[in-house]
Amino acid sequence: MEEPPQGALSPEVREEEEEARPGNTSPQISISEFSCHCCYDILVNPTTLNCGHSFCRHCLALWWVSSKKTECPECREKWEGFPKVNILLRDAVEKLFPDAIRMRLEDIQQNQDMVQSLAAFQKYGNDQLSLAPSAGRAHQQRGGGFFSGVLTALTGVAVVLLVYHWSRRESEHDLLVHKAVTKWTAEEVVLWLEQLGPWAALYRDRFLSQRVNGRLLLTLTEEEFSRAPYAVENSHRRAILMELERVKALGVKPPQNLWEYKAVNPGRSLFLLYALKSSPRLGLLYLYLFDYTDTFLPFIHTICPLQEDGAAEDLVAKLLDLREPTWRQWREFLVKYSFLPYQLIAEFAWDWLEVHYWTSRFLIVNAMLLSVLELFSFWRIWSRSELKTVPQRMWSHFWKVSTQGLFVAMFWPLIPQFVCNCLFYWALYFNPIINIDLVVKEVRRLETQVL
């Protein structure tokens, strides 16, 4: 047998040196290094807890179903949020031991206990995501909580200042809705006239020159309006006479904007504001049943105008239009009422942009945000296959809104006016800010579920 040359290494020694060489990158990896601490088999869909221990997801599900504890099966440390699959570890195990993983997955799919436990565990996770922030978003939620706290404090101060400001302004502009027409001065008659529309500025000086007070206004006829010194045009004369008939019937100026309606109906306006925000369909049904002539008819004529009238119809003319809606108007209204109720409110606010510049914009933005939140609610019901629970949810919602309305009706006289004003302005101006935060949370929750 031929001996190796002097100085040469034997094959055994050469192999040991190659394994010990620093540049060597082929260590031997065994399945035992990737074993679950519950079943002591290779990890399948490894789920890593906050403590650092990893388990097969079905093993963790079986542990949770049997113990109902949200803690590590090994060290008993509680986990936060809902455990997720360790994607990096899963991909590594599947790449190193594909045959073993495939066999284990087949065994799991054939085991009904494991399948049911996984389904129950995932349902628990979905419920947790819908109620509380997950562990991966804890830092963001802490920041959001701080932001929400500061925002709440600032908006609380802003509400008080706004209520004080608008209370003074309302006392000036809402005077005519409480003052008898027979006691109106000439300046108050002009103020009433100017609120009929921009065109009324043409006749301001004519009425002031004649010192038309409330008593004189009630005696003027259509013929007198058409002659000098008033010389009111035909279309404008018709609007003045229609509104004058309402003034004669009520004895005071009927409300023609949001603030005047609030001054005349403070309790109803607060109830409608919250009802249209949380349940627009029931709110509009309430208007149809209990405030048909004064509120519902102007509402439907504004959002669903007659085709022959077009956009040229004046807003005040729509408010004074007491004709019964046509079938075309009802059809358009019912479609939007069923599927896009908040769009009805946005369209109504859009027509009032010239009268309520910022208020209408707040209402439009809030209607858009509430529409998005409603879509998210429908998506959760559809994705979780909870369509059977819709009738029960509708009934509970109807009962909640009805009891709230009854509570307001019973205890309204006992609530201080300042408190009611605070609630009114909070719902009107600061709910859109709150709803922005809710929409952001829903988007993050949806991203988490998709990932």
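Buried, for this tour, means under 20% relative accessible area. Keep that cut-off handy, and remember that you're looking at a predicted model.

**Stop one: F82 and Y124.** A search of the whole structure turns up 32 aromatic pairs, so let's pick out a couple, reading each by the distance of the centres and the angle of the planes. Select F82 and Y124: the ring centres are 6.1 Å apart and the planes sit at 65 degrees, so this is an edge-to-face pair. Now colour by secondary structure.

**Stop two: Y292 and F296.** Jump to helix α15 (residues 292-303), where Y292 and F296 are 4 residues apart, which means about one helical turn separates them. Their ring centres lie 5.6 Å apart with the planes at 20 degrees, so call this pair stacked. Check F296 on a surface view: its relative accessible area is 1%, so it's buried.

**Stop four: lysines over rings.** Which residue lies over the face of W64? Show side chains and you'll find K68 there, 4.1 Å from the ring centre. To finish, go to F424: K262 lies over the face of that ring, at 5.2 Å from its centre.

Definitions and conventions
Residues numbered from 1 in each chain as written. Predicted model: local features only at pLDDT ≥ 70, side-chain atom pairs only at ≥ 80, totals over all residues. Heavy atoms only, no water. Phe/Tyr/Trp six-rings, centres within 6.5 Å; stacked < 30°, edge-to-face > 60°. Helix = DSSP H or I, 4+ residues; strand = E, 2+ residues; numbered from the N terminus. Buried < 20%, exposed > 50% of the residue type's maximum accessible area, 1.4 Å probe, protein only. Lys NZ or Arg CZ within 6 Å of the ring centre and 35° of its normal.
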